[in-house]
Amino acid sequence: SKRTADVTFLINPACRVAGMIPRVDAFGIVRGEGMSLRGPALCRMDFIARDTDISPGDEVVTSGLGGIFPPGLLIGYVRQTRQDATGLYQSAEILPAADFRNLHMVFLVNSTETGTDTAAEGDR
């Protein structure tokens, strides 16, 4: 509505975001792994071409595919990779750039009916 917004955290297992690793021009689907009691909250990027040379520390950003999220928003950094059991693709464990245990602000991008974007910032 005009005064409220539903917020879904990137680490939510129900959240799916089209992502890319710009260094190697690799695309995939990023999904949340949920909160962890033993370490940081993580995400996983699936369906990355199996022969793509991904390295720990590679930046992961939104790709803009699907039209939900604008391209180029920082998601996080590759922590490690693993081959899928079928050998058809690989997955990357992603450490989110945001600290979801200590989040105090959110940034909203609101598309209006005229097609122009407005932004608002506020406490959660």
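The model is predicted. The protein has 8 strands and 0 helices. Of its 124 residues, 31% count as buried.

**Fold and contacts**
- From the N terminus on, the element order is β-β-β-β-β-β-β-β.
- Take the contacts in the protein with a separation of 6 or more: residues 24 or more positions apart account for 42% of them.

**Surface**
- The accessible surface of the protein is about 8400 Å².
- Carbon and sulfur atoms hold 53% of that surface.

**Nonpolar core**
- The largest nonpolar core has 19 residues.
- Within this core, I21, M45, V60 and I94 touch the most other members.
- At least two core residues come from each of strand 1 (16-21), strand 2 (26-32), strand 3 (43-49), strand 5 (74-83) and strand 6.
- Strand 3 gives the most to this core, with 3 residues.
- In soluble globular proteins, nonpolar side chains tend to be buried together.

**E93**
- E93 lies in strand 6, which spans residues 89-96.
- The relative accessible area of E93 is 16%. Buried means under 20%, so E93 counts as buried.
- Neighbours within four places in sequence are left aside for the contacts of E93. Its remaining partners are L42, C43, Y77, V78, R79, Q80 and R82.

Note on methods:
Residues are numbered from 1 along each chain as its sequence is written. This is a predicted model: local features need pLDDT of at least 70, side-chain atom pairs count only at pLDDT 80 or more; totals for chains, interfaces and linings use all residues. Side-chain values use heavy atoms; hydrogens and water are left out. Helices (H or I, at least four residues) and strands (E, at least two) are DSSP runs, numbered from the N terminus. Buried means under 20% relative accessible area, exposed over 50%, partly exposed in between (1.4 Å probe, protein chains only). Contact means heavy atoms within 4.5 Å. Accessible areas come from the Shrake-Rupley method with a 1.4 Å probe; for residues, only the protein chains shown count as cover. A nonpolar core is a set of buried Ala, Val, Leu, Ile, Met, Phe, Trp, Tyr and Cys residues joined through side-chain atoms within 4.5 Å.
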